[in-house]
Amino acid sequence: MNILMSGATGFIGNHLSRAFGDKGWKVVPLGRDDLKLPDEDFLKKMEGADVVINMAGASIAERWTEEYKKIMYASRVDTTRKIVNALEEMSRKPGVFISTSAVGIYDTEGEHTEEDEQYANDFLGKLALDWEHAALKAGETGIRTVIFRFGVVLGLDGGALQKMLIPFRMGLGGVIGHGKQPFSWVHVEDLIRAYTTVIENDTYHGIYNLTSPHPTTNAGLTKALGHALHKPAFMHVPAFAFRLQLGEGAKVLLEGQRVLPKRLLESGFTFRFTEIERALEDLVNKKT
């Protein structure tokens, strides 16, 4: 099986590439230089793919200046449009197109499943909505299309957990802001299993929340990580410190969404890591 993947060299892309390689599947990275190719040359790059996975996107863990917002938008929405335009022109269509979104599409109130349309009326919410609209156009060409709305992906070698480990190991871990903000997450191994399941089973289509069935809070995450590391976690990082550093981008840390994976559960998908305590203990034990 030939898998064409944008974002293949990132934290999640590396995990997926290794897992696909273990199954004997060939992964062809779709890099930044490829995305700059003229449409005709880009189409040639796409030909022959059995699966196309789109995970390109500039980091949100930066200060959101107006200029950086344009970079975030272009790296997601414009990239997706370019890929979908090529999909429409391919002589042999891939079996499935899997694109990415985020739980930041939802507002911060209440509990959300895929059936909800209580979307956030802010930059991140509108970005995710445009991102999804661009991806869903692939379905109009008859290609099975899946969109995963990621929660925070937990793994040791990248993402939020990697950044948290050093201060927590030093006993300097603690809650961010008031600590009550929801924290919807997924263990990277469950993410990999979701991707392989969708590739191998053509009954999956549409939008899926890719989050554990049991979201926690920032305080719950802090307590669980301190316990897994056998370290105190009594520090408190005030909200204004992140606002000074990240500006509007601090919303990602200071707010959150409580999201449930209703459609994955209804499809029969089983999460191996449903509780934050077990997920973090598993990851920490792998490190040690």
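Colleague: Which residue of β4 stands opposite valine 51?

Modeller: Valine 51 faces valine 96 in β4. The model is predicted: local features need pLDDT of at least 70 and side-chain atom pairs pLDDT 80 or more, whereas totals for chains, interfaces and linings use all residues. Residues are numbered from 1 along each chain as its sequence is written, and side-chain values use heavy atoms, without hydrogens and water.

Colleague: How many bridges join strand β3 to β4?

Modeller: Strands pair if DSSP finds at least two bridges between them; strands (E, at least two residues) and helices (H or I, at least four) are DSSP runs numbered from the N terminus. Here β3 (residues 51–54) and β4 run parallel, joined by three bridges. Between β3 and β4 the chain passes through helix α4 (residues 66–89), in a right-handed β-α-β crossover (clockwise from the first strand over the helix to the second, with the strands pointing away from the viewer).

Colleague: Which residue of β6 is opposite alanine 102?

Modeller: Phenylalanine 150 is opposite alanine 102. Strand β6 (residues 144–150) runs parallel to β4, with seven bridges between them.

Colleague: Is strand β4 mostly covered or uncovered?

Modeller: Buried means under 20% relative accessible area, exposed over 50%, and partly exposed in between (1.4 Å probe, protein chains only). In β4 (residues 96–102), six of the seven residues are buried.

Colleague: Where is leucine 172 found?

Modeller: Leucine 172 lies in the loop between α6 (159–169) and β8 (174–176). Its relative accessible area is 44%, so leucine 172 is partly exposed. Beyond neighbours within four places in sequence, leucine 172 contacts (heavy atoms within 4.5 Å) Pro167 and Met235. Histidine 236 is 64 residues from leucine 172 in sequence, with 8.9 Å between their C-alpha atoms.
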